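Subject: Structure for your review

Dear colleague,

Please find below the structure that I am handing over to you. I would be grateful if you would look through it before reading the notes that follow.

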Amino acid sequence: MNSPLVVAIGNRLRTAGYDDVATPFRVASVSFDFTKAMRGSEGRGLDLVIVVDTTTGSFGDTDSTQVRRRIEALSRALDVARSSLVLTVVLAGAALAGDIEALSETCRVLIVEPISVDLDGNPQDDKARRQLEDRIRLLLPLEIPPRDDGQGNEPTAIESLVAGVPDDVNKDFLKALMASSRLGDEAVTQELAAFIGSRLYVEGDE
Amino acid sequence: MKYAQLCSIDVANFRSIRGHIHAPLDAKVVLVHGENGAGKTSLLSAIELALTGRVDALRRADPDYQLQLLHKRALSGYAEVSVSTEEGIERFRTELAEGKVSPGRVLDDEIAEFFGERAYLPQSLLGQLLQIYQDAGSDSASPLARFVSSLLGLDRLDALEAGLKPLADVRNVRKVIDGWSTVEIEKGRLEPLIKDQWDARKSLEHGVLAKRGELRVAIEALGIVPNPEIPEQVSILATDREEDDAALARLTDQLRVLASIRRDMADQSDSDASMVESELSDGAERSTAALRAWQESYGDRSSDLRARVETLIPHVAFSPDLNLFRAEALRLLAGELAQSADKASRGRVDARQLAEAQDQLVVANEQLMTIDRELSAIASNSGSLSAALAEISSFIIDDVCPVCDRNYAELDHGALSDHVHAKTRSLSSSADRLIALGRSRSDQQASIERLQQSIGGLASRQIDEESLAAIDRRTTEVVDVQRALDALGPALESGQRLIEADVAARQRLTKTQQSSGRRLAIRGNLNELANSISQILPGEGETIEAFADRIELALTKERDRLTVRIRNRAAALEAITAIRTAKSQMEQIDSVVSGYQAAWDRNEAALQRAQALRSDGLKIRDAVDAVRSSIIRREFNDRLNRLWRDLFVRLAPGEEFVPAFRIPEASTQRLQPKLYTPHRDLGDDVAGGTPGAMLSAGNLNTAALTLFIALHLSVPVQLPWLILDDPVQSMDDIHIAHFAALLRTLSKEHSRQVMIAVHDRQLFEYLRLELSPAFSDDSLITLELNRSSRRDSQCIATRHGFREETALRVA
């Protein structure tokens with residue numbers, strides 16, 4: 001029976017397309033047992049996630065030395081097996097900074113400090129849900145907010161400008177100015193000075 | 001056209017790449033490795049050059065960057081990129097020659113801009129990103145603002161806005177645009193000229209109106225009916241004027257003649273003196289005879305008497321008038337007589353008084369001597385002794401003397417006290433006497449002195465006997481002359497009367513003789529004058545005064561009429577001349593003004609054309625403002641901040657503060673972005689300061705990188721490429737691991753073709769592992785660049801395919 005925090009992490013990852021990996025599992029004929037192991041699918045098919053319960057976990061999860069030793073062993077086994085799997089360790093519960101750093105040399109480490117979740121592993125409110133997601137954000141899909149104006153091609157700044165300029169404006173002038181805008185404001189001023197200057201001739205004068 | 005994937009690149013002699021290299025790019029991830037200087041950045045820049053025909057990052061640093069593009073030892077080069085699209089493979093190529101870049105086919109501007117802004121993160125841009133966080137400034141010129149502007153494509157808008165700014169203020173317009181001031185000044189110069197001319201014309205018009213009024217009055221007075229509109233069209237004959245002038249000159253002469261006649265007349269009275277002239281002549285003879293008779297009988301006596309009087313009173317000039325002479329002589333002689341009598345009598349009185357005073361002085365001196373004798377007899381101390389005795393008498397009891405103690409009784413002269421009392425009394429009466437004598441003596445003395453003074457005065461005034469006799473003789477003579485004058489008085493009076501009558505008779509005669517001749521002459525003159533004037537008939541039985549009056553009235557009337565006529569004609573001519581002059585001046589002004597006006601119109605037209613462009617420029621600027629603020633609002637909404645936050649939290653899950661843009665609330669003029677750091681869990685409630693103040697160097701790099709990616713992701717994808725040039729220079733291991741995971745997410749979940757160059761070998765190896773193909777369709781190409789000074793650049797490409805993962809087995 002896992003702690004609610006581990007359950008919560010598992011639930012969230014499962015929603016994101018991760019599958020539970022049955023434990024214990026073997027890599028290069030070595031058997032590994034962890035509180036929880038999960039693996040991504042499709043684009044994340046090479047992601048292997050190990051969850052360590054630093055507060056109440058079994059398999060020596062509460063002892064940082066043992067945790068490190070076991071993770072290093074797994075890493076070495078994956079190397080030996082010439083595996084492309086990328087290992088991510090999620091530390092659920094408090095952990096010492098030094099331990100995290102030491103562990104980081106071996107694999108990617110994410111820390112989920114205690115977050116208010118109920119016994120079934122459901123975050124108690126939106127804030128708690130977001131806290132949980134932030135901690136394991138790297139493992140979750142990147143959601144790009146949909147555009148307000150559908151999927152149409154968004155006009156560039158210059159296109160918007162062309163559309164926004166009133167119709168009665170001299171088109172040649174606008175074109176000349178826009179061409180010069182690429183070279184900076186002084187070029188624009190020069191262009192406008194030259195353009196307007198060319199219209200300032202007085203008939204009958206030389 | 002939809003661009004799917006970069007397929008390959010060929011580069012020759014571009015920047016640090018010497019010779020030709022070819023690199024396949026057709027994989028979901030392309031990992032480039034090379035030592036510093038091996039040509040990583042050149043390879044990535046070559047992609048930009050091929051696709052867009054320019055290298056923005058270099059151009060920002062050096063406008064003449066094109067001179068630097070060709071490899072130093074080469075004469076020509078090129079960059080060519082092939083891209084797969086829906087329609088097949090497209091090739092983009094830019095040729096390089098010495099100092100010259102010749103783009104062939106390039107991406108459309110819009111797509112090229114997307115590439116420059118959102119697909120390619122060159123190191124310089126990342127360096128700029130890092131600088132941003134160190135610079136706290138938040139104004140529109142801050143590096144952050146410049147960076148975000150350029151990423152949002154606002155730099156061109158900013159350039160437009162800033163470049164058009166001078167249009168807002170006409171002073172700057174003048175400064176910036178050649179010729180504007182010249183035209184304005186010319187226009188401004190012409191305006192007062194035109195106005196002055198108009199003013200001058202207006203005052204001329206007023207003058208013409210006034211002169212026409214005067215002219216109308218004048219020609220009406222001359223008896224001509226004026227043209228109501230243009231009264232100056234009238235002919236006033238010069239011959240008329242000459243006639244009038246001659247007539248007036250004639251009149252003036254006649255009046256002058258009349259005036260001189262009148263002067264002659266002024267002395268004359270109108271009694272006809274010729275009748276009395278002989279009478280007067282007889283009278284004059286008679287009076288002369290009477291005078292002569294008087295002189296025979298009284299002449300000698302009269303002159304004798306006058307001589308006597310003048311001897312007596314020598315210094316007076318007496319009147320020749322006999323009566324006056326007599327009265328004056330009598331008055332003076334009476335005064336002379338009184339004075340002599342007074343002098344004689346005063347001399348006699350003085351002589352008598354002197355004798356009396358001398359007698360009185362003798363008596364007074366005798367009296368004084370008597371008083372002095374008595375005074376010397378009386379002891380002078382009798383008063384004090386009597387007082388002492390009176391005092392001592394109270395000590396006398398019997399006959400013994402209190403002083404000498406002798407017994408007075410021995411003398412037998414009675415009692416001592418009686419003796420003393422008697423002595424006291426006698427002494428005291430002597431004292432009284434002494435006082436009385438003193439007073440008398442001083443009185444006597446004073447009267448002696450008075451007498452002596454009076455004697456002195458009288459003696460000095462004493463007149464001697466001879467003088468007194470002379471006075472008496474003169475007095476007698478005066479009395480004689482008086483008497484003679486009195487006796488001769490009536491004779492003198494009648495003589496005087498005779499003299500006066502004679503003189504008057506002669507004068508009357510002379511006057512009458514003169515006047516009768518002149519009056520005749522005057523009348524003749526008047527008749528002559530009247531004849532010369534046509535309306536006047538010579539008067540008969542009329543006095544010459546009345547006749548002259550009549551002539552003068554007629555002449556004056558005619559003169560006045562002519563004067564008015566001449567004046568009116570002169571006024572009319574003067575007015576006509578003035579009007580003509582004014583009209584010709586007005587015509588001149590009109591031609592000058594029309595010249596000025598034409599010049600003004602031409603300048604105004606030029607200025608109007610320029611003004612129209614200026615207002616177009618301002619409209620463009622307004623549109624720039626509007627577009628920019630709409631872009632800012634669009635981009636800086638929660639979407640961008642949310643994406644950025646998501647990406648940042650992925651890479652730095654341990655960081656409590658996350659960077660974010662403070663979204664501009666109002667529509668802003670120019671982008672003035674502010675960065676701040678809301679708390680990861682608590683949001684704005686526990687927001688921190690700027691990222692530079694809140695984040696470590698590694699996290700700053702992360703913030704910059706994630707911002708670029710967030711901007712790339714926050715717009716619809718036009719080019720699904722992310723090209724990153726060595727973006728992890730100051731990341732620590734943790735970040736690198738997370739960054740690799742993020743790249744994987746972008747590549748595998750969001751189908752971005754990721755191309756990343758790194759110089760660190762270990763990192764390269766690590767990324768190669770992390771970015772290994774995860775599924776059958778997945779792909780990775782690694783490119784290893786190396787270079788030596790002796791040979792051409794080399795690029796070794798390795799394609800890594802998908803391999804089924806079998807390491808993990810259920811136990």
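What share of the 811 residues of chain B counts as buried? The figure is 45%. Please bear in mind throughout that this is a predicted model.

Let me continue with chain B. There are 20 helices in this chain, together with 15 strands. Its radius of gyration is 78 Å, whereas the globule rule gives 28 Å for 811 residues, so chain B is more spread out than a compact globule. Taken along the principal axes, the box filled by its C-alpha atoms is roughly 200 × 150 × 55 Å. Among the contacts in chain B with a separation of 6 or more, 70% are between residues 24 or more positions apart. The accessible surface of chain B is about 41,400 Å², and carbon and sulfur atoms hold 51% of that area.

I now turn to chain A. Seven helices and seven strands are found here. Read from the N terminus, their order is α-β-β-β-β-β-α-β-α-β-α-α-α-α. The radius of gyration of chain A is 30 Å, while a compact globule of 206 residues would have a value near 17 Å. The C-alpha trace spans about 100 × 40 × 30 Å along its principal axes. Of the 206 residues in chain A, 51% count as buried. Contacts between residues 24 or more positions apart make up 51% of those with a separation of 6 or more in this chain. Chain A has an accessible surface of about 9,900 Å², with 48% of it belonging to carbon and sulfur atoms. Its 22 positive and 34 negative charges have mean positions 10 Å apart.

How do the two chains meet? On the side of chain A, 79 residues are in contact with 83 residues of chain B. The two chains bury about 7,000 Å² between them, and 61% of this area is on carbon and sulfur atoms. Within chain A, the residues that lose the most area to chain B are A:Leu142, A:Arg182 and A:Leu200, which together account for 11% of what that side buries.

Where does A:Arg44 lie? This residue is in the loop between strand S4 (36–39) and strand S5 (47–53) of chain A. Its relative accessibility is 7%, and buried means under 20%, so A:Arg44 counts as buried. Neighbours within four places in sequence aside, A:Arg44 is in contact with A:Tyr18, A:Leu138, A:Leu139, A:Leu140 and A:Pro141, and also with B:Arg650, B:Thr745 and B:Glu749 of chain B.

The second example, A:Val67, belongs to helix H2 (residues 64–80) of chain A. Is A:Val67 buried or exposed? A:Val67 is buried, because its relative accessible area of 5% is under the 20% cut-off. Not counting residues up to four places away in sequence, A:Val67 touches A:Val52, A:Gly60, A:Asp61 and A:Leu103. A:Leu91 is 24 residues away from A:Val67 in sequence, and their C-alpha atoms are 10.0 Å apart in space.

With kind regards

Key
Residues numbered from 1 in each chain as written. Chains lettered and ligands numbered in written order. Predicted model: local features only at pLDDT ≥ 70, side-chain atom pairs only at ≥ 80, totals over all residues. Heavy atoms only, no water. Helix = DSSP H or I, 4+ residues; strand = E, 2+ residues; numbered from the N terminus. Rg over C-alpha atoms; globule rule 2.2 N^0.38 Å. Buried < 20%, exposed > 50% of the residue type's maximum accessible area, 1.4 Å probe, protein only. Contact = heavy atoms within 4.5 Å. Areas by Shrake-Rupley, 256 points an atom, 1.4 Å probe, with all protein chains shown as cover. Lys, Arg positive; Asp, Glu negative; His and termini not counted. Charge placed at Lys NZ, Arg CZ, Asp CG, Glu CD. Buried area = accessible area lost by both parts, 1.4 Å probe.
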